[in-house]
Amino acid sequence: MKRHTVARPRGNGAQPAPAGDAGTPGSAAMAAAAGTEGEAGTHDPAGTPVPAGKPTRKGRETDEAFRAAARKVFARDGYLNARISDIAAEAGKSVASFYNYYDTKAALLIALAEDFHTEATEMAVLPYRSGLAPPDALREAVAGFWRTYAKRRGELIGVFQAAMLDAEFLNRWLDIRAEAITRIAGIDPVLTASALSAMLEHFCYIWLGQGGERVDARFDDERAIDTLATIWVKSVYWLPESPA
């Protein structure tokens, strides 16, 4: 199987760095390898989009094995301490096989961040489609973000760390966040949406990623979700509804 390249974030013209265990991204998101069957936009017999450059079921399973292994290794060792050889060993694959799919550790982390973004977006949209009243739908959307973050906390701590140290990675992560902020903003000011998004993400990082504040506080998932949802509802729905 030919090695996948990775597409550079928008607005960054730096040259790719050499691949290696250090995690410096040669680029940011996976793209198709030239000449490989199954070009971007194709579908398998079930109608599922086939990721570019991974035309076979075995290829997709191997890629998912690397992603699942990375989640475990990042959660166990932290992103900064994780090595590609550790991820490959956890996946039961060779390091050489890893480089068929990702140039670097950072490229794999971006793929996981995009997985999180997709899942969190789906969880946020469902309550509104179900017909709940806006405040109730918003609480369920916040709850969906919380639960998705809890499930993926290892890789999201890695995102936080990588974004502080790697400007190229930060560019790609800000692109991902921009999609969510634009969706949240709607008719409301973009800076308000940015502030609320940052509050939600960092609250999750403090309580789910770092084990909470060093203060005496009653804490559980439902109490945390209620607190977040109350802040969001009072921020977004603070104006009375116009009479019909």
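**Close-up views of a predicted helical chain**

View 1. Ile206 is found in helix α8, where helices (H or I, at least four residues) and strands (E, at least two) are DSSP runs numbered from the N terminus. The model is predicted: local features need pLDDT of at least 70 and side-chain atom pairs count only at pLDDT 80 or more, while totals for chains, interfaces and linings use all residues. Residues are numbered from 1 along each chain as its sequence is written, and side-chain values use heavy atoms, with hydrogens and water left out. With a relative accessible area of 13%, Ile206 is buried; buried means under 20% relative accessible area, exposed over 50%, and partly exposed in between (1.4 Å probe, protein chains only). Apart from neighbours within four places in sequence, Ile206 is in contact with Gly211, Gly212 and Glu213, contact meaning heavy atoms within 4.5 Å. Ile157 lies 49 residues from Ile206 in sequence, and the C-alpha atoms of the two are 9.9 Å apart in space.

**View 2. The pairing of helices α8 and α9.** Two packed helices are described by the angle between their axes and the distance between the axes. The axes of α8 (residues 190-209) and α9 (residues 221-236) come within 11 Å and cross at roughly 175°. Axes are lines fitted to C-alpha atoms, for helices over the stretch in contact, and angles run from 0 to 180 degrees between N-to-C directions. The crossing angle makes α8 roughly antiparallel to α9; angles under 35 degrees count as roughly parallel, over 145 as roughly antiparallel, 65 to 115 as roughly perpendicular and the rest as oblique. On the α8 side, Leu196, Ser197, Met199, Leu200 and Phe203 meet Ala224, Leu228, Ile231, Trp232, Ser235 and Val236 of α9. The contact of α8 with α9 comprises nine nonpolar, two polar and no charged residues. In this classification Ala, Val, Leu, Ile, Met, Phe, Trp, Tyr, Cys and Pro count as nonpolar, Asp, Glu, Lys and Arg as charged, and the others, Gly among them, as polar.

**View 3. The crossing of helices α1 and α4.** Helix α1 (residues 57-77) and helix α4 (residues 105-129) have axes that come within 10 Å and cross at roughly 95°. This angle makes α1 roughly perpendicular to α4. Phe66, Arg67, Ala70, Arg71 and Phe74 of α1 make the contact with Lys105, Leu108, Leu109, Ala111, Leu112 and Asp115 of α4. By class, the residues of the contact of α1 with α4 divide into seven nonpolar, no polar and four charged.

**View 4. Helix α4 and its two ends.** Helix α4 has 25 residues and reaches 37 Å from its first C-alpha to its last, close to the 36 Å expected at 1.5 Å a residue; the expected span is 1.5 Å times one less than the number of residues. At the start of α4, a side-chain oxygen of Thr104 comes to within 3.4 Å of the backbone nitrogen of Ala106. Gly131, with a positive phi near 90°, follows α4.

View 5. Tyr102 is found in the loop between α3 (95-98) and α4, and Asp63 in helix α1. Tyr102 counts as buried at 0% relative accessibility, and Asp63 counts as buried at 4%. A polar contact of 2.5 Å joins the side chains of Asp63 and Tyr102. A polar contact is a pair of N or O atoms within 3.5 Å; within protein, one must be able to donate a hydrogen and the other to accept it, and residues adjacent in sequence count only if both atoms are side-chain atoms. The side chain of Tyr102 also makes a polar contact of 3.0 Å with the side chain of Arg67. Along the chain, Tyr102 and Asp63 are 39 residues apart, and their C-alpha atoms are separated by 9.2 Å.

**View 6. Ala91 in helix α2.** Ala91 is found in α2 (residues 84-91) and, at 15% relative accessibility, counts as buried. Leaving aside neighbours within four places in sequence, Ala91 is in contact with Ala65, Phe66 and Ala69.

**View 7. Helix α5 and its cover.** Helix α5 (residues 134-151) has 18 residues and reaches 26 Å from its first C-alpha to its last, close to the 26 Å expected at 1.5 Å a residue. Among the buried residues of α5 are Leu138, Arg139, Phe145, Trp146 and Tyr149. The cover over the buried residues of α5 includes α4, α6, α8 and α9.
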